[in-house]
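Please open the structure in a viewer and keep the selection tool at hand. The stops below are given in the order in which they may be selected.

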Amino acid sequence: MATAPVQPLDDRVAVITGASSGIGEASAEHLASLGATVVVLARRAERLQDLVARIEKNGGSALAITADLTDAAAVQAAADRVEAELGGADLLFNNAGIMLPAPIEELRIDQWQHQIDLNISGLMNVIGAFVPQLVKNAGERGAADLINTASIAAQNIFPNFAVYSGTKAYVTHLSRHLRTELGPKHVRVAAIEPGIVGTELQNHVTDTGALEWLDGSKETMDWLTPQDIAQTIGFIATLPPRVNLQQVTIMPTGQTS
């Protein structure tokens, strides 16, 4: 009997947040195709079950866990389950986020708080719950990965995106600092900074000016796809353990800033 070919992420356990759509969904499918057992976290249970079914149909292995990332106890319960059932994660793609641009003078405090709660506090809940697993498994297996989704907005200036951009600058700067702590423990830390990607992120935007800008950009460039980012995540995760891409900016060819 012929044996299945060895895949580059065989025996690895990859946790992906924000996995019910967009970049997270595409990354889960791609990492599973590379041999990883993927754990998909998000709030929408039905979407996660559909994703798991697709992955399994294509020969992969996946586990869906429904959790609100702003609920620290729920995230810790998810991490405990991953530890108990799969031996813990050795790849964490911290991808969930929300983008709600608006002029600061509109005082959309509700939107400010939503972005801070998910993009910063939710990110930290996941890091707090899963980093101990990454450190443990890196010590046993020689490497683990923490990959955080930032944005080109962490570097460049976009009017009306101040709060969103601030949350993503936090992600990039945090990632640099975490490298100094976790790198010596064989955990690679990377921040990815995509330009415009065609995902559900744009569907949450309510600001008229931002919507007009986004619609106009579709006429002048080809946006990135979730699969483009997924390929990048797979590339980062399959590099030799000695290689850590600290910060990766991924832009549509036509997006100049």
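**Stop 1: the cavity**

Select helix 5 (162–182), which gives the most to the lining of the largest cavity, with 3 residues; helices are DSSP runs of H or I of at least four residues, strands runs of E of at least two, numbered from the N terminus. The model is predicted, so local features need pLDDT of at least 70 and side-chain atom pairs pLDDT 80 or more, while totals for chains, interfaces and linings use all residues. Residues are numbered from 1 along each chain as its sequence is written, and side-chain values use heavy atoms, without hydrogens and water.

Next, select the lining: L100, P101, A102, I104, W112, Q115, N160, F161, A162, V163 and Y164. Lining residues have an atom within 4 Å of a cavity point, a point on a 1 Å grid over the protein atoms alone where a 1.4 Å probe fits but cannot get out. Two or more of these residues come from helix 4 (109–141) and from helix 5.

**Stop 2: the nonpolar core**

Select V15, V39, L41, F130, L134 and L146, which touch the most other members of the largest nonpolar core, a set of 34 residues. Such a core joins buried Ala, Val, Leu, Ile, Met, Phe, Trp, Tyr and Cys through side-chain atoms within 4.5 Å; buried means under 20% relative accessible area with a 1.4 Å probe, protein chains only. Helix 4 supplies the largest share of this core, 9 residues.

**Stop 3: a loop residue**

Finally, select S20, in the loop between strand 1 (13–17) and helix 1 (22–33). S20 counts as buried because its relative accessibility is 7%.

Note on methods. 1 Å grid on protein atoms, 1.4 Å probe; cavity = no way out; pocket = protein on both sides within 12 Å on 5 of 7 lines; lining within 4 Å. Buried < 20%, exposed > 50% of the residue type's maximum accessible area, 1.4 Å probe, protein only.
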